[in-house]
Each structure stands twice: as structure tokens, then as C-alpha cells.
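Me: I'd like to learn how to read features off a model. Can we work through one together?

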Amino acid sequence: YRTPQGTLEKTVAMIQGRNFTIVRYALAAGSAPVDMEVRVLLAGRDYHSIMRSNDFVNLQTRSQPGIVYIPLYEGVPSVWLGHNAQSFQPERTWYYNFDYPRERERGLEGHEDLVSAGVLRFQIQPGRPAWLAIGTDPVSAEDAAELFRREIESRERWPLSDEPDSLVRELARATGQFIVRRGDGLKTVIAGYPWF
């Protein structure tokens, strides 16, 4: 994101073999410090259904510095948010009719309601990014930064990473992101990502 005060870069990384995603917001060198709010919008559903506003969601969050626990629904994995925000303000607000054009293309319902569990407030400076780790296990912002670094480094060692043809190199790198371990210990490719 470019503004007259500088550039803010958002990077999203899914960590291989783990049930969480890391989001990093970093200011480019020479950018002015910024205050940023991140609203935590959640669905808590399987990949075959769409969420609609309801009274059953459990947003009785528990928070301590750097970590927030959100139970959501009975029978659905709870959500953990690791962060380095200055504050977390819990809330329970529904946002309606998020548009999913790709879902409609597949013949599925294309609108969903999401619930906000709260707002994280960050103060970001060049060289001091904002970190958010979202998943089914607690991960601190410090651990998220280290796991993020390791994930990026590991991608440089994937098969064909030294291939001179840049297209082949990028295709190999992209393919590696869809290889997962099955329950029987063997590996497979998630062919229909993100739908299943």
C-alpha cells in the first residue's frame, strides 16, 4: 500500500506442516511510522458451507499480552491469534454479504457473513513490522517471525530452486506449497486448494 507518507507491505505465509498462517505488515525504509488497526473477521465453518450471522458463536475471548484465544463454536477448532499489537479490543459485530465471485463461478453460494472477534491496534515503524499468527495452536509474535524467516529460507532449497529457467523454478516453488502429509504418513498434493 503506497501513501504520501511511505509504503506498507503485507505478506501472508502459510507455514508448511502447521495449522496456522502468518501475516506481516512492514514499512519500507524511509516511510513514516503509522498506527494501524486490524479487524479480526472469522467464519468458523467447513469448506462446503457458508456462514450466516447467528447467535451461537462464542466470542468469549481470553487475552493476555501477545495472544488471544477465541473459542467460536462447539465442535469447531478454536482460533489463536499471536500478535505484537499494542492492544486488542474484543467485540462481537457481524459484517454481512462478503462477495465470493469464484465460489459463484463453481455454482456455490457466493455471499457470506463474517463475525469480528475484535480489533488489534499496532504502531509500526520501519524495521519493526507488525506480526499476526492465526491458527489452531498458540504462536507468539516472536515465534511467528522466526517461523516466517525459516519458511522463506526453506523455499529457496526446494527441488529445482537452482534451475536456470525462471519459469520452471517458479512452477516448482509454487507446487511445493501444495504438498502435504496424509494421515498414513505418505505425501499428496492438495489438488483443489483452496476448496478442499
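Reply: Start with Ala-145, which lies in helix H2. This is a predicted model.

Me: Which residues of H2 are buried?

Reply: Ala-141, Ala-144, Leu-147, Phe-148, Glu-151, Ser-154 and Arg-155 are buried. They cover an arc of only 140° around the axis, which puts them on the same side of H2.

Me: What do the buried residues of H2 pack against?

Reply: Look for contacts, meaning heavy atoms within 4.5 Å. The partners are strands E2 (6-14), E3 (20-27), E7 (79-83) and E10 (130-135), together with helix H3 (166-176).

Me: Where is Leu-72 found, and is Leu-72 buried or exposed?

Reply: Leu-72 is in the loop between strand E6 (67-70) and E7. Its relative accessibility is 3%, so Leu-72 counts as buried.

Me: What is the phi of Asn-97, and where is Asn-97 found?

Reply: Asn-97 is not a glycine either, and its phi is positive, at about 60°. Asn-97 is found in strand E8, residues 87-99.

Me: Tyr-96 is in which strand, and is Tyr-96 buried or exposed?

Reply: Tyr-96 also lies in strand E8. At 51% relative accessibility, Tyr-96 counts as exposed.

Me: Which residues does Tyr-96 touch?

Reply: Set aside residues up to four places away in sequence. Tyr-96 then touches Ser-53, Glu-112 and Asp-113. Pro-129 is 33 residues from Tyr-96 in sequence, and the two C-alpha atoms are 30 Å apart in space.

Me: Where is Arg-181 found, and is Arg-181 buried or exposed?

Reply: Arg-181 is in strand E11, residues 179-181. Its relative accessible area is 62%, so Arg-181 is exposed.

Me: What is Arg-181 in contact with?

Reply: Leave aside neighbours within four places in sequence. Arg-181 is then in contact with Gly-17, Leu-186 and Lys-187. Gln-16 is 165 residues from Arg-181 in sequence, but 9.8 Å away in space, C-alpha to C-alpha.

Me: Zoom out. How many helices and strands does the protein have?

Reply: There are 3 helices and 12 strands. The C-alpha trace spans about 55 × 45 × 30 Å along its principal axes. Of the 196 residues, 36% are buried.

Me: What share of the contacts joins residues at least 24 apart?

Reply: Take contacts between residues at least 6 apart in sequence. Of these, 59% join residues at least 24 apart.

Me: And the surface and charges?

Reply: The protein exposes about 12300 Å², with carbon and sulfur atoms supplying 52% of it. There are 23 positive and 25 negative side chains, and the centres of the two sets lie 2 Å apart.

Methods: Residues numbered from 1 in each chain as written. Predicted model: local features only at pLDDT ≥ 70, side-chain atom pairs only at ≥ 80, totals over all residues. Heavy atoms only, no water. Helix = DSSP H or I, 4+ residues; strand = E, 2+ residues; numbered from the N terminus. Buried < 20%, exposed > 50% of the residue type's maximum accessible area, 1.4 Å probe, protein only. Areas by Shrake-Rupley, 256 points an atom, 1.4 Å probe, with all protein chains shown as cover. Lys, Arg positive; Asp, Glu negative; His and termini not counted. Charge placed at Lys NZ, Arg CZ, Asp CG, Glu CD. Arc of directions from axis to C-beta.
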